[in-house]
Each structure stands twice: as C-alpha cells, then as structure tokens.
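Me: Can you walk me through this one? I'd like the side-chain contacts before anything else.

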Amino acid sequence: MWQHIDLTQIDLKAKLKNGDIVFAGNRKLKIYGTLTCNAGKRMLKINRVFFTNEHEAITQGYRPCGHCMKTAYKKWKDAII
C-alpha cells in the first residue's frame with residue numbers, strides 16, 4: 001500500500017505505467033475502488049492510498065466501493081448482514 005502524499009508525481013506515473021497500482025482507496029473511510037471511479041476522483045490526496053491488487057486492499061481492512069465495484073460490494077454487504 002502506498003499513500004498518495006508519499007509518492008512523487010514521477011513515482012506515481014511510473015507505478016501506474018508498470019501496473020503496480022491497480023486500485024485506490026480512502027484511508028479514513030476504508031473503501032477501495034477502481035482508478036476510474038468518479039467518487040474516488042473527488043477524494044483528497046491526503047486520504048488516498050493505492051493498492052497493487054484487490055487482495056491487498058481486503059487484507060488491510062478496506063471494503064469495495066458501492067459505485068464502481070457494485071458486484072464486489074454486494075458480496076461484501078451480503079456477507080456482513
């Protein structure tokens with residue numbers, strides 16, 4: 001997991017180009033989603049974290065975004081209830 005504020009613009013672009021970053025999350029809300037999510041794009045840089053894969057986000061205690069990951073969110077929600 002990488003925090004957005006800890007990465008330089010060059011490092012961030014390199015990780016995106018290499019495919020090291022696939023998902024982004026909100027550190028305070030503990031929600032992760034795709035990099036193209038409109039809800040995620042409004043997030044403050046200080047709260048944004050990046051993940052290599054979905055498993056990494058889940059093991060860190062993050063839940064799927066209800067906007068961009070509807071299927072994964074429904075599975076998560078059904079498992080909780």
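**Salt bridge and cores**

Reply: Asp78 and Lys74 form a salt bridge, with their closest N and O atoms 3.0 Å apart. The term means a side-chain nitrogen of Lys or Arg within 4 Å of a carboxyl oxygen of Asp or Glu. This is a predicted model, where local features need pLDDT of at least 70 and side-chain atom pairs count only at pLDDT 80 or more, while totals for chains, interfaces and linings use all residues. Residues are numbered from 1 along each chain as its sequence is written, and side-chain values use heavy atoms, leaving out hydrogens and water.

Me: How many salt bridges does a search of the whole structure find?

Reply: One.

Me: And where do Asp78 and Lys74 sit in helix H4?

Reply: They're four residues apart in H4 (residues 70-80), so about one helical turn separates them. Helices are DSSP runs of H or I, at least four residues, and strands are E runs of at least two, numbered from the N terminus.

Me: Is Asp78 buried or partly exposed?

Reply: Partly exposed, at 46% relative accessibility. Buried is under 20% relative accessible area, exposed over 50%, partly exposed in between (1.4 Å probe, protein chains only).

Me: New topic: which residues make up the largest nonpolar core?

Reply: Seven: Phe23, Tyr32, Val49, Phe51, Ala57, Tyr62 and Met69. A nonpolar core is a set of buried Ala, Val, Leu, Ile, Met, Phe, Trp, Tyr and Cys residues joined through side-chain atoms within 4.5 Å. Apart from that core lies another, of five residues, including Leu7 and Phe50.
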